[in-house]
Amino acid sequence: MSDSTATNPDPEPGRIPHPDREASQAGWLRWLPGLQILRSYDVSWLRHDIVAGLVLTTMLVPVGIAYAVASGLPGIYGLYATIVPLLAYALFGPSRILVLGPDSALVAVILAVVLQQSGGDPMRAIALASMMAIVSGLVSIAAGLARLGFITELLSKPIRYGYMNGIALTVLISQLPKLFGFSIEGSGPLRDLWAIVTSVHAGMANWAAFAVGASTLAVILLLKGHQRIPGILVAVIGATVAVGVLDLGTRADVAILGSLPQGLPAFSIPWITYADIGPVVIGGCAVALVAFADTSVLSRVYAARTRSYVNPNQEMVGLGIANLATGFFQGFPISSSSSRTPVAEAAGSRTQLTGIVGALGVALLLLVAPDLLQNLPTSALAAVVIASAIGLFEFADLRRIYRIQRWEFWLSIVCTVGVAALGAIPGIGLAILIAVIEFLWDGWRPYSAVLGRADGVKGYHDITRYPDARRIPGLVLFRWDAPLFFANAELFQGRVLDAVSNSPTPVRWLVVSAEPVTSVDVTSADMLAELDETLQAAGIELCFAGMKDPVKDKLKRFGLFARLGEDMFFPTVGVAVSGYLKRFDVAWDDWEDRQP
């Protein structure tokens with residue numbers, strides 16, 4: 001959709017609509033963006049939405065079935081998990097273009113729980129997967145209502161890349177047995193890869209199934225760059241026709257999908273055992289994190305392209321309700337789709353009516369022609385998932401990160417290896433742990449500098465960057481580039497004392513350039529009191545310059561503001577220097593004073 005009026009019909013120049021402002025006027029309708037869109041629907045959009053919905057349907061069917069099978073579930077449930085979320089998101093989702101449904105990024109997480117807990121029982125498998133969707137939905141809704149839409153930003157880009165590369169590798173490995181026409185007992189990505197190699201070497205591969213799957217994969221990849229040609233649909237139809245005409249299911253023992261049950265998904269409460277609760281809750285929370293991270297990124301991309309704004313908290317609520325709905329209607333966890341959304345956009349979608357038409361198209365297939373895809377080979381479904389997994393890999397930007405900051409590149413690699421070695425759910429835990437460590441490390445070992453006056457440059461600057469910078473006798477200007485908290489308090493004290501010890505002249509004032517300091521906690525406040533005592537004993541006064549008012553408020557509560565004295569807090573470093581020069585008879589020739 002190249003025209004911004006497709007989703008934002010009358011944007012005011014120089015303005016981007018903000019849902020929070022609209023929400024304050026819309027009352028309860030703020031939680032039903034679909035109704036707001038319906039109230040302002042332009043009839044001229046109808047033809048575009050219907051055509052885009054029909055085009056989208058051709059992709060929803062094979063992809064939904066493929067992701068269900070890849071998740072360890074019967075294929076029909078992939079269609080159930082396609083119909084219900086599209087209808088729910090059309091009402092509760094804030095984005096007009098996003099397409100929701102089964103997603104390759106969630107396959108490994110769902111499969112990990114289903115394989116471990118179901119014992120090979122398909123009914124138990126779908127109950128487990130449905131309950132994961134319910135847990136994911138509740139977590140997303142609660143987070144959205146609590147306005148926690150920012151939480152996915154806590155994972156840095158290299159860590160997200162590493163996690164997604166690990167997920168892509170895990171999904172790809174999990175589909176190789178189906179591509180070769182045999183099955184293995186899943187026990188982890190790396191062990192599975194070894195089992196696949198030994199199985200192929202032992203002659204277990206069905207080469208007819210492999211030929212069908214490999215051909216399907218080749219067609220999908222070759223047609224991937226052609227937006228006007230539905231590569232997945234062409235490849236899947238070709239594989240289905242070939243298997244049916246040649247009767248490969250019987251003659252070559254090629255596994256096929258078989259007949260789908262006729263009818264629509266029904267309301268059902270997924271009952272699980274007490275022993276399932278732990279894995280399902282952990283898996284559901286993991287799914288919620290991955291799904292919202294993907295959805296928020298994709299939603300922001302399309303919001304920017306359409307000159308609109310999507311509230312991340314409402315996005316989380318919409319995604320949560322879609323998952324909750326699919327969990328109660330025999331589906332499994334879903335997310336936004338980075339492959340089906342562009343199809344809808346390229347086909348001319350204007351609003352979420354496109355998703356409704358797509359859902360109705362899939363429902364019509366189940367009611368009228370459930371046997372249409374009975375000859376669809378399992379190896380072709382594996383090819384669809386493998387093609388999607390290949391699309392998840394990120395290499396280009398990692399090469400850029402390697403060039404500019406290698407330690408973040410290696411963090412990404414560690415995440416990838418962690419997911420591949422430990423599995424999807426432990427891999428998420430590892431990614432979050434690394435993100436926390438990365439955050440703490442940046443604050444734990446921040447940059448600090450002693451400042452001086454460099455001729456020809458306004459202000460006071462790091463003497464290591466300006467070796468010729470002059471320092472005022474008896475005055476140490478020290479800058480700390482981080483919040484002060486328990487993990488770096490001792491380091492701060494040590495660096496301040498080092499700066500005093502390394503001063504070329506006896507020190508009278510130690511001025512902390514505190515503008516970068518955004519917070520102070522109890523531990524660091526107590527450290528400042530100890531530091532003041534140490535400096536006072538040496539005849540040195542502790543001062544602060546440029547400290548933000550909220551940080552000053554904390555020092556007042558901690559009693560430090562009164563202890564140090566209000567006159568020891570200066571609005572800028574320049575004012576602090578002027579105060580020092582007025583109080584002490586110091587020979588100081590500033591280059592600015594010599595300017596005409």
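Leu451 stands opposite Asp462 in strand 4, and strand 3 (residues 448–452) pairs with strand 4 (residues 461–462) in the antiparallel sense over 2 bridges. Two strands count as paired if DSSP finds at least two bridges between them. The model is predicted: local features need pLDDT of at least 70, side-chain atom pairs count only at pLDDT 80 or more, and totals for chains, interfaces and linings use all residues. Residues are numbered from 1 along each chain as its sequence is written, and side-chain values use heavy atoms, with hydrogens and water left out. Helices (H or I, at least four residues) and strands (E, at least two) are DSSP runs, numbered from the N terminus.

- Six strands form an open sheet in the order 4-3-5-6-7-8, with mixed pairing.
- Strand 4 and strand 8 (569–570) stand at the edges with a single partner strand each, so one side of each has no neighbour in the sheet.
- Strand 3 and strand 5 (residues 475–480) pair in the antiparallel sense over 4 bridges, and Val450 has Phe478 of strand 5 as its bridge partner.
- Strand 5 and strand 6 pair in the parallel sense over 5 bridges; the bridge partner of Phe478 in strand 6 is Val512.
- Helix 20 (residues 489–501) packs on the sheet and touches strand 3, strand 5 and strand 6. Its direction makes about 150° with that of strand 5 (axes are lines fitted to C-alpha atoms, for helices over the stretch in contact, and angles run from 0 to 180 degrees between N-to-C directions).
- Strand 6 (residues 509–513) and strand 7 pair in the parallel sense over 5 bridges, with Leu542 as the bridge partner of Leu510.

- Strand 3 is largely enclosed by the rest of the structure, because 5 of its 5 residues are buried (under 20% relative accessible area, with exposed over 50% and partly exposed in between; 1.4 Å probe, protein chains only).
- On strand 3, Ser448, Val450 and Gly452 are buried on one side, and Ala449 and Leu451 on the other.
- Strand 7 (residues 541–545) is mostly covered, with 5 of its 5 residues buried.
- Both faces of strand 7 are covered, with Glu541, Cys543 and Ala545 on one side and Leu542 and Phe544 on the other.

**Helix 7 and helix 18**

- The axes of helix 7 (residues 157–180) and helix 18 (residues 406–422) come within 7 Å and cross at roughly 30°.
- Contact (heavy atoms within 4.5 Å) involves residues including Tyr161 and Ile167 of helix 7 and Cys415 and Val419 of helix 18.
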